[in-house]
Every structure is written in C-alpha cells, then in structure tokens.
Amino acid sequence: MVFSSIPFLYYFLPVVLFCYFLVPRRLKNGILLIASFFFYSCGEPRFVFLLFFSGVFNYWIGKKIEKGRSTFRKRWFLFSLLVNFGMLFFFKYYFFVPSNFSKIFPGVLPYFRPILPIGISFFTFQAVSYVTDIYRKKQTSAKTVFSFLTYLSFFPQLIAGPIVRYETISAELSNRKETIEDISKGIRRFVVGLSKKVLLADVLGAFSATLKSFSPTVLGYWVQALANTFQLYFDFSGYSDMAIGLGLVFGFHFLENFNYPLIASTITDFWRRWHISLSSWFRDYVYIPLGGSRVKPMRHIFNILVVWACTGFWHGASWNFLLWGMYFAFFLILEKTILAKWISKHPKITRIVTIPILLVSFVLFNETDLSKLGTILQGMFFLDHLPFLHSELLFYLKDAAVLLFFSCLFATPIVPFVKKWLSKRKMGLSILSVLEVVFPFVFFFLSTMYLIDSTFQPFLYFRF
Amino acid sequence: MKDKIIVFGFGFLFLFFFFYSLLDTDVSVSFSERRTLAQKPVFSSSRFWDGSYFESWNSYLSDQFPFRDWFREKKTEVSSRIYGMNLHHGAYVTKDAIYELEPSLSISSLTHFTNLLKEVESTYFPHRSVFYAVIPDKNYYLEEEIPKLDYDKLYQEVRNQLPPNFQEISLQDSLQLESYYRTDLHWRQEKLGNVVKKIQKDMGLPSSSFPTIEKTCQPFYGSYYSKGGGMVSPDKLVYLTSDSIRVTKVYNYEKEENRFVYEEEDLNHVDAYDIYLGGATPLLVLENPHSISDRELILFRDSFGSSLAPLLLDSYQKITMIDLRYIHSSLLGQLLLIDFSSSNQDILFLYGVSIVNQSFTLK
C-alpha cells in the first residue's frame with residue numbers, strides 16, 4: 001500500500017485516525033504499532049517477521065551495548081552492525097556480487113535474486129543509527145521493546161523514509177501532544193506531498209515514458225533527463241512531505257528531507273538540500289568517523305570517495321548507482337579543491353552550470369543498462385550524429401509545455417515567496433487565509449481524480 | 001478557525017466516502033472502460049502470504065470507489081484545462097474525437113505481413129489473382145498535426161513487396177474522417193457505401209443496393225472512450241440490415257454453432273461492436289440462401305471485416321471469413337470447411353493499418 005492510493009487515503013487512514021484519536025493516551029502507540037504492521041503486511045506480508053526481528057534484535061542489542069562493559073560494548077556493537085548490514089547485504093546486494101563474478105568466471109558461483117523487502121534500506125539505517133548513538137553514548141536505549149518497535153515500524157516513514165533517527169522522536173514517543181494546529185498543518189503538508197506525487201511526478205513519468213518510445217534526438221534526450229529529474233524530485237520529496245505531514249497529525253515532528261535542491265548553486269549545496277536525512281546519515285556515521293575533512297588532502301579525497309561509493313550503492317545494487325555516486329564525488333572533490341575559490345567568486349555561473357550537471361546525474365541514476373546509458377550520453381552530447389529535434393518531439397513538447405512550466409515553477413520556493421509577499425499586505429492576509437483553507441480540499445480532490453484514472457503510478461523510491 | 005475548518009472538513013470528507021462506499025452496492029462491469037471491475041477478494045492463506053490478497057483489495061477498493069466515473073471524467077477535463085494537454089493515456093483527445101497515436105512505421109512488420117500473404121497464397125491458391133486492401137486509420141484523415149504513420153511509405157512498401165498477382169484495392173479515397181467512430185478505431189458500417197462500391201468495382205462484381213434499414217445502439221462506448229474520460233460523448237452504433245442479411249446463416253467454427261449476422265444480445269457485451277457477427281473469432285462461414293450469385297469470397301480479415309462482410313452478401317452466395325490472429329495459417333488446409341479449389345472464388349485480404357504495422361499477431 002502506498003500513500004498515494006485510494007485504499008490508503010479513503011480506508012486505511014480514516015480507520016487509523018479514528019482509532020488513534022478515540023483511544024486513551026496510553027493505547028495510542030499500540031494503535032500506531034498495529035497500524036504500521038498492518039500497513040507493511042499489505043505490501044510485504046512475508047517480511048513482517050523480518051521487520052519484527054529487526055525491531056526486537058536492535059532493541060535487545062541496544063540494551064546490551066548500553067549496559068555492557070567497555071570491551072563487550074564494542075563487540076556487541078560490531079555484532080549489531082554485522083547482523084543489520086548482513087541482512088541488508090543478503091537481500092539487496094547478494095545477487096550483485098556473484099552475478100558479476102559469473103560474468104568473468106561463468107558457472108563458478110551459484111546465485112539467485114532474493115526478493116527485496118520494501119523499505120529495508122530505510123529501517124536498517126534507522127536501526128544502525130540507533131545502536132551507534134547508544135554505543136557513542138549520545139542516546140539512551142528505548143524504554144520498552146514496544147516503544148522501539150513503534151519507532152522502527154512507524155508507517156509514515158517506514159517504506160520510503162525520511163530516515164528518522166531515534167533521537168528525533170524518542171521524547172515524542174513517550175510524551176507528545178496532538179494539537180489542532182499541528183493536525184491542520186500536517187493535513188496541508190500531506191496534501192502538498194500527495195499533489196507533488198500525483199499531479200506532477202506521475203504525469204511527468206508518463207510523459208517521459210512517451211518520449212522513450214520514439215526515435216531519439218539530442219533535444220529529446222535532454223528533455224527526458226529534465227522530465228526524469230523533476231519526476232524523481234516531486235516523487236521523492238512528495239513522499240517525504242506526506243510522511244512529515246502524517247507525522248504531524250500523530251504528534252511527531254520529523255526533520256525536513258528536502259529544501260528545493262534543484263535551485264542549488266553548487267553540487268555541495270545540492271547535497272545539503274536533497275535527501276537530507278540520507279546525506280546527514282552518511283556524514284555522521286561514515287564521513288566523520290573516517291576523519292571527515294580534518295585530515296590530509298589525499299585522505300580527504302579518499303573519505304569523499306568512500307562516502308559517495310556507499311551513497312551510490314545505497315540506492316541499488318547496480319553499476320550505474322556506483323557511477324552516479326562517483327560522478328558526484330568527482331564534482332564534490334573539484335568544488336572542495338581546485339575550484340573552491342573560483343566558485344565563491346562566481347555564484348551565478350555555478351548555479352547555471354549545476355543544472356546540466358544534475359540532469360546528467362539523473363540520467364546515470366535512471367538507466368541501469370550501461371550500454372543504453374552510453375548511447376544516451378553520446379546522444380546528449382552530439383556524439384551520435386542524431387538530429388537535434390523532429391516534429392514528433394515538438395508535438396509532445398507542446399502538449400507537455402504547461403506541465404514542464406509548472407514543474408520548473410514548483411521546484412523553486414515560489415509558494416513560500418508568494419505566501420510571504422501576501423502576508424505583508426493587508427488584503428493579502430485575508431486572501432492567504434482563504435487560500436490555505438480552500439487549497440487542501442481542491443488539491444485533495446484533484447489528486448483523487450488522478451488516482452482514480454491512473455494507469456501510470458510508479459513509486460520510485462520503493463526499490464530502496 | 002482556519003485549522004478547525006481543515007481538520008473537521010477532512011474528517012467529514014473521510015467519513016462521507018467511507019460510509020458511502022460501505023452502503024453502496026458493487027458494480028460488476030464498467031461499460032465506458034469496457035472491462036469488468038474488481039470484486040471483493042476471497043481470502044486464502046497462500047494469497048495472503050504472496051501479497052496478492054491485499055493487491056486484490058487495492059483493486060477492489062479503487063474500482064468500487066464512489067462516483068468513480070465522475071472522478072474519471074473530470075480528471076481528463078481538468079488535465080486539459082490545467083495542463084492544456086490533449087494526450088491522455090497515449091491517445092490524442094479533442095472535443096470531437098479520440099485518436100490513438102500509432103507507433104512509428106515498422107518495416108519488419110510490413111515485411112512479416114507481406115510474407116504471410118505470399119505464403120498463404122502460394123500454399124493454398126498459387127498464381128491465382130487475389131485482392132488486398134489496407135484500410136487507413138482515422139488519423140489519416142485528421143488535418144491537425146499529430147504524429148502520424150508515414151502512410152505513403154507504408155502503402156508503397158506493401159505494394160513493392162507483393163507480387164503482381166496481388167491487386168490493390170485502394171480505399172483511401174472512399175473514406176473520410178466521418179466514416180469512423182469518434183471513440184473507436186473502427187469504421188462505421190452506415191458510412192461504407194463508397195467502400196462497398198469500390199470493392200465491387202475493383203473485383204468486377206455487379207453493384208448492389210446498399211442496405212437502408214438501420215438499427216441503432218446508443219450509447220456505444222468505443223475502445224478509446226475511456227481514454228477521453230468523458231470529454232467526448234459516446235457514439236451511436238448503427239447496424240444495417242436487408243433481406244439478404246436477415247436470412248444469411250452464419251456458422252462459427254470455434255463455437256460450433258449457427259447464428260445470424262446480428263444477434264441483438266451481443267449488444268450487451270462489453271464491446272457492442274460484437275453485434276457484427278459476434279466479435280473476434282477465427283473462422284466464420286456466411287451463407288446467403290437467397291443469393292442470385294454463385295460466387296464465393298474467401299476473406300482474410302481483422303475486425304474491420306466484421307462490419308463490411310454483411311454488406312457484400314448480395315454479391316456472394318458464400319463468404320468465408322478467416323482471422324489469422326486466432327488461427328494459424330498452416331492449419332487452414334486441414335479444415336474441411338474451407339475449400340480453396342473452387343473456380344468461382346474471390347480472395348480478398350482486408351486489414352487495417354494498425355494490424356499491418358503491428359502484424360506479428362498474424363500467424
């Protein structure tokens with residue numbers, strides 16, 4: 001079950017909300033726990049036990065680490081990493097290693113592709129951050145296994161993030177207050193996310209799929225890269241908005257996961273704005289432990305390469321993701337070394353240059369077939385003797401012109417800008433109040449229309 | 001106040017739809033989408049563990065959602081108004097009609113098509129004079145600039161690849177945009193007067209009177225209708241009848257049953273176009289006992305042939321209709337029902353452009 005579906009919006013969510021607000025405070029976490037496991041079992045009934053095991057195991061090992069003597073603490077901690085990453089490796093990466101090995105030595109290693117449990121990358125990273133924080137004595141362990149399971153399986157962030165750390169919501173797990181302001185804010189945030197996903201990402205996805213179906217042109221490849229970039233952004237940030245909104249409805253305050261990344265001035269800036277919970281996870285649990293930037297230059301470069309290889313592979317067991325990570329590492333190293341001074345003096349130029357760099361990055365991200373990837377990149381850079389455009393492309397571009405315009409518009413902070421502008425004016429405040437009430441209903445209905453008529457509704461971040 | 005309106009408004013919205021759908025009765029068929037709707041799933045432990053039980057619930061709840069048709073219709077309208085889009089689900093939708101966008105011209109498909117025709121000819125009626133016609137789709141007649149097949153190249157390729165004993169019947173000038181349904185790919189039977197005349201003329205048949213008795217079915221939801229989401233009103237389906245058509249007996253080889261050209265219960269099928277000879281089937285034999293002609297027609301055809309064949313009944317005593325999508329050409333010789341050796345026999349291959357351009361369905 002995904003958030004942007006009729007069963008979730010009109011059946012699951014109302015029932016959960018009704019039960020949640022009906023029961024006394026001490027039973028509320030119980031409702032969330034039951035709802036979360038039901039939610040997970042709707043998509044992956046087979047792996048409910050895996051989620052349960054992960055919760056119980058990490059709670060148990062957290063206690064062991066917290067109470068153990070110094071030598072044992074380290075052993076328990078390393079054991080927890082072994083189990084958590086072992087589980088992730090088996091389900092997500094097991095196929096990758098022997099399948100590539102067998103390309104060189106056919107038939108030597110038997111291999112199979114395990115079914116990937118939905119959201120395993122997210123809940124494993126949450127669990128690892130939990131035990132690591134306890135090991136570092138930054139965080140005390142959860143009071144009860146029940147409370148930890150509620151955290152780990154909490155359905156708003158279970159299958160597609162953001163990666164919520166235990167420290168962010170530990171206090172709210174035991175003591176929170178749901179206010180009408182927060183619920184209203186949560187609903188509005190949820191509708192924003194739903195609209196991004198349904199009214200923009202899915203329509204862009206269908207447009208991009210159409211572009212793929214006819215003969216390639218240089219401009220066609222670039223437009224497709226643009227459409228894919230917007231699709232991924234609105235899909236994933238929309239899901240994060242929905243998660244944050246749902247969290248607010250239940251009284252939890254998650255951290256932001258996106259901050260208009262497509263207007264970034266540099267690649268470094270982009271990664272401060274895109275999937276913030278993932279990049280900060282790698283910063284805190286990989287980059288800084290490796291020494292971060294306070295090391296010799298060559299070691300710094302090594303640290304960046306390690307972090308970005310991991311970031312790439314986190315997204316999937318495929319060479320293109322590694323390439324994607326290395327591509328960003330290359331630009332980040334450039335920005336931190338040779339170009340550091342130049343960038344600080346030319347912010348406008350770097351902002352313009354960042355856009356095509358990002359578009360190419362999402363070509364790497366989207367195409368798992370390396371030979372096709374090569375063809376696309378050659379086509380994009382005039383190396384394949386393709387026509388620049390043809391009439392068919394113009395027809396489709398004309399049809400999607402408004403969609404692309406809206407996508408550009410909503411990838412920028414236009415909404416907060418307009419809100420700020422209106423709030424400074426006398427009439428503006430009244431208009432804003434009306435719009436803030438009307439828009440959630442209008443966009444919720446629009447999204448419902450699209451969902452009912454939908455044939456194209458991929459969820460891009462499911463595979464992670 | 002603002003927050004209360006939002007919270008209670010959404011609360012009311014959820015309650016309304018939740019209880020409405022509980023009280024509402026389930027619908028089994030969506031005629032506008034021409035498909036059966038998902039019904040309440042039955043539980044089984046195997047379906048639970050493999051996830052298909054919940055998937056079925058997803059389909060069921062989505063399919064039976066209150067006011068579903070209204071939402072679908074409004075979506076297309078909204079999409080056109082907000083995004084200015086004319087493309088919906090891969091179709092080009094105007095306020096008058098819906099056009100399926102054909103994929104690019106496939107030379108390999110054309111070659112497969114012509115090879116198949118040559119193989120059938122050389123196997124069953126070598127060196128005899130045969131006729132063929134490729135029916136243009138309605139995009140051919142649309143003046144607006146949409147991506148279209150390269151029709152000239154298509155016709156030229158087919159012409160070049162077939163041997164001289166294949167005589168082309170060019171139908172492009174006998175049809176116009178109005179000859180097609182607005183919400184379907186097919187031609188309208190009542191608009192085929194010129195097509196019948198052209199076929200009769202090119203095949204050397206005496207002209208016959210065009211049936212004038214019209215029976216109608218309305219609304220007719222064509223196969224593209226759902227793509228237009230209600231922006232384009234449904235069609236009216238007309239089926240023409242005459243004395244010859246009324247008395248003609250039709251034998252359906254697949255179902256092993258006799259029927260008439262039109263069985264009105266076929267109008268209740270999800271696709272009302274099935275009124276023409278009962279819809280898709282591999283082999284039909286039409287026999288007109290009142291025919292003054294002793295000629296016989298072997299018609300290799302797709303669904304376009306279903307509405308045309310009844311109009312040729314005055315010219316033939318017997319029409320054998322073969323659909324190579326549903327029967328392999330190598331099996332035709334084994335069927336006693338078909339006799340290719342008759343001397344007073346005409347052979348006609350009649351296929352729409354979309355089948356010719358995606359001919360790998362023909363066997």
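How much area do chain A and chain B bury between them, and what share of it is on carbon and sulfur atoms? Here are a few notes on that and on two other spots; please keep in mind as you read that this is a predicted model.

1. **The A–B interface in outline.** The two chains, A and B, bury about 4400 Å² between them, and 75% of that area is on carbon and sulfur atoms. Tyr11(A), Asp399(A) and Asp453(A) supply 15% of the area that chain A buries against chain B, more than any other three residues. As for residue counts, chain A brings 47 residues to the contact and chain B brings 46.

2. One to look up in the viewer pairs Lys75(B) with Asp453(A), where the closest N and O atoms are 3.3 Å apart. Asp453(A) is also one of the three residues named above for buried area. Counting polar contacts, 11 residue pairs span the interface, with both residues at pLDDT 80 or more.

3. Helix 22 of chain A gives the most, with 12 residues. By residue type, the side of chain A that touches chain B divides into 35 nonpolar, five polar and seven charged residues.

4. **A buried strand in chain B.** Is strand 15 of chain B, residues 345-352, largely enclosed or open? Eight of its eight residues are buried, so the strand is largely enclosed by the rest of the structure. In a regular strand, side chains alternate between the two faces of the sheet. Here Gln345(B), Ile347(B), Phe349(B) and Tyr351(B) point one way, while Asp346(B), Leu348(B), Leu350(B) and Gly352(B) point the other way, and all are buried.

5. Strand 15 of chain B pairs in the parallel sense with strand 6 (residues 130-135) of chain B over five bridges. Within this chain, Val134(B) has Tyr351(B) of strand 15 as its bridge partner. Strand 13 (residues 296-301) of chain B also pairs with strand 15 in the parallel sense, over six bridges, and the bridge partner of Arg301(B) in strand 15 is Leu350(B).

6. **An exposed lysine in chain A.** Lys345(A) lies in helix 16 (residues 340-345) of chain A. Lys345(A) counts as exposed because its relative accessibility is 65%, and the cut-off for exposed is over 50%. Lys345(A) and Lys196(A) are 149 residues apart in sequence and 35 Å apart in space, C-alpha to C-alpha.

Technical notes:
Residues are numbered from 1 along each chain as its sequence is written. Chains are lettered from A and ligands numbered from 1 in the order in which they are written. This is a predicted model: local features need pLDDT of at least 70, side-chain atom pairs count only at pLDDT 80 or more; totals for chains, interfaces and linings use all residues. Side-chain values use heavy atoms; hydrogens and water are left out. Buried means under 20% relative accessible area, exposed over 50%, partly exposed in between (1.4 Å probe, protein chains only). Helices (H or I, at least four residues) and strands (E, at least two) are DSSP runs, numbered from the N terminus. Two strands pair if DSSP finds at least two bridges between them. Contact means heavy atoms within 4.5 Å. Buried area is the accessible area (1.4 Å probe) that two parts lose on being put together, summed over both. A salt bridge is a side-chain nitrogen of Lys or Arg within 4 Å of a carboxyl oxygen of Asp or Glu. A polar contact is a pair of N or O atoms within 3.5 Å; within protein, one must be able to donate a hydrogen and the other to accept it, and residues adjacent in sequence count only if both atoms are side-chain atoms. Ala, Val, Leu, Ile, Met, Phe, Trp, Tyr, Cys and Pro count as nonpolar, Asp, Glu, Lys and Arg as charged, and the others, Gly among them, as polar.
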